[in-house]
Amino acid sequence: MKDHKKEIAEELNEISPFLAKLKKEKKPQSGLPSNYFNNFGDRLLSRIKEEEALTPKTTANAKKDNSFWAKISWLFRPQYAIGLATMLILVVVGINMLNQTPATVVNDNPEQLLAQLSADDLNIYIDENLDEFSTEDIIETMDEQTIEQLPSTEKAFKEAKATIEKTEPIKTPSPVVEKENTIEIDDLTEEDILEILDEEEFGDEDDII
Amino acid sequence: MPADTQHNDNEAEILQLLQEERTFERGFRLLLQTYQERLYWHIRKMVNLHDYTDEVLQNTFIKIYKGIKKFKGNSKLYTWLYRIATNETITFMNKVKKQKTTSLDNEESGLANTLHADSPLDGDEIQAVLEKAIATLPEKQRLVFNMRYFDDMSYKEISEILETSIGGLKASYHHAAKKIESYIKNRI
């Protein structure tokens, strides 16, 4: 303890020799009412006992009634109970409103109505009234899977080409030949005409006329 | 017997008496007699007036009376008592400050002026100036200076009471001592 005090004195001497000197000259502290410390304990204990006398009932009651209902009893005070009841009513009404479904709903939105139809119904309708639909309309009714299943244009073209190549080309008579076989009536004489008729076995002159 | 050992023995005796209902009041009276004077001056150096000090000291011992059963013995008893007294003093000073609705600077000079209202702690003029100089210090510096200069407390003890680092306390003490010296030299 003495070392400790010595250390403090040395530190102060380093910081402020003036204050170190002042501390050594320090006189006993005064300015206290007489017998203050002799009476302080009694004054204090009487104050503590007075305060305890005023508070023990509330403490005892709090200890006695420590049940669940006692803990939530504050909820039943008017200021809280009114608020709580209002809140409950609002919750019940809200739940009822959410659960309520309208008896008849008149839906006249064509898109929604169409959406309610099955794919089969749509296909039947389109087949029966095909003339009323454009190609775009028909494509719109197809789902992605159906469209993917369709052969691609390029594939279809190749298949068609291969099929065509396999078949024999249709021979058309050459116009030149036709020209050669064609007999102009102005070029014929009367004898030529009779000869041709004999060759064709027309029979009588009456048949010719 | 060394003073520290004697001090520890007193603490142990007080705490033992306080543990039993039958001996509680005797133990509390012993605690009062042992520490009341030291705590009184610790508080008075902060609030200056005797009436203020009396009020804070009573509040401090009421807190101690109600809380002593919760004292775990993690620190020394007197460190714990000083901490309560310090907290009560600061609370009281803040309350006074609020009531006066003055700024911190005005409050410091306000507390310094209370030295004129009451009789000085020491009749000596220079001691009166010293007390006035201490009253002008910021709260923390004032606490540290009082505990070190008047109560000869170690930095470790002060750090336990104020819950501050020792480095910070050394700096506060150094600044406080320099300011006080300057204040007094300018007035004598």
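Reply: Let's start with chain A, where buried residues make up 10% of the 209 residues. Buried means under 20% relative accessible area, exposed means over 50%, and partly exposed is in between (1.4 Å probe, protein chains only). Some ground rules: this is a predicted model, where local features need pLDDT of at least 70, side-chain atom pairs count only at pLDDT 80 or more, and totals for chains, interfaces and linings use all residues. Residues are numbered from 1 along each chain as its sequence is written, chains are lettered from A and ligands numbered from 1 in the order in which they are written, and side-chain values use heavy atoms, leaving out hydrogens and water.

Now for the core. A nonpolar core is a set of buried Ala, Val, Leu, Ile, Met, Phe, Trp, Tyr and Cys residues joined through side-chain atoms within 4.5 Å. The largest one has 65 residues, and Leu19(A), Phe28(B), Leu31(B), Phe61(B) and Phe145(B) touch the most other members. Helix α2 (residues 24-47) of chain B gives the most to this core, with 11 residues; a helix here is a DSSP run (H or I, at least four residues), numbered from the N terminus. The core also draws at least three residues from each of domain 1 (1-101) and domain 2 (103-188) of chain B, with bounds from an automatic or database domain assignment.

Zoom in on Phe61(B). Leaving aside its neighbours within four places in sequence, Phe61(B) is in contact (heavy atoms within 4.5 Å) with residues including Phe40(A) and Leu44(A). Among its contacts in chain B are Phe28(B), Leu31(B) and Tyr35(B).

Definitions and conventions:
Helices (H or I, at least four residues) and strands (E, at least two) are DSSP runs, numbered from the N terminus.
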